[in-house]
Amino acid sequence: MPNLAVHAMIRGRVQGVWYRGWTIKEASRRGLTGWVRNRSSGCVEALFQGKKLEIDQMINACWVGPPNATVIDIEITHRKTSEYHDFQCRSTV
């Protein structure tokens, strides 16, 4: 079971720029589990689970994101860990 779970609401120009695909690739590369999805409000929502160092690195990377993304805010809250086995894309809500 991962030792930390962090929920992130990422705001800015983050839809239509491959942000979810980039997040899946980057989170998986860091060994994180969880999910990412678009929100109808225009932001991207993600849950990152794993070791603190890798989560911190992922959040820092989220500020840059893929080419053409412009992140203006990331709201972070800590969550209880859950049983995820990989990092996946969820449907828009």
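Visitor: Which residues is V6 in contact with, leaving aside its neighbours within four places in sequence?
Guide: V6 is in contact with A46, L47, F48, I55, I59, I76, T77 and H78. Contact means heavy atoms within 4.5 Å. This is a predicted model, where local features need pLDDT of at least 70, side-chain atom pairs count only at pLDDT 80 or more, and totals for chains, interfaces and linings use all residues. Numbering runs from 1 along each chain as its sequence is written, and side-chain values use heavy atoms, with hydrogens and water left out.

Visitor: Is V6 buried or exposed?
Guide: V6 is buried, at a relative accessible area of 3%. Buried means under 20% relative accessible area, exposed over 50%, and partly exposed in between, with a 1.4 Å probe and protein chains only.

Visitor: And where is V6 placed?
Guide: In strand β1. Helices (H or I, at least four residues) and strands (E, at least two) are DSSP runs, numbered from the N terminus.

Visitor: How far apart are V6 and K25?
Guide: V6 and K25 are 19 residues apart in sequence and 17 Å apart in space, C-alpha to C-alpha.

Visitor: Back to the fold. What pattern does the protein follow along the sequence?
Guide: The order is β-α-β-β-α-β-β, with two helices and five strands.

Visitor: Which residues touch the most other members of the largest nonpolar core?
Guide: I10, Y19, F48, I55, M58 and C62, out of 23 residues in that core. A nonpolar core is a set of buried Ala, Val, Leu, Ile, Met, Phe, Trp, Tyr and Cys residues joined through side-chain atoms within 4.5 Å.

Visitor: Which elements supply at least two residues each?
Guide: β1 (4-13), α1 (19-29), β3 (44-50), α2 (52-62) and β4 (70-79). The largest share, five residues, comes from α2.

Visitor: What is Y19 in contact with, again leaving aside neighbours within four places in sequence?
Guide: Y19 is in contact with I10, V14, V44, C62, G65, P66, A69 and V71.

Visitor: Now the whole protein. How much of it is buried?
Guide: Buried residues make up 44% of the 93 residues.

Visitor: What share of the contacts with a separation of 6 or more is between residues 24 or more positions apart?
Guide: 78% of them.

Visitor: What does the C-alpha trace span along its principal axes?
Guide: About 35 × 25 × 20 Å.
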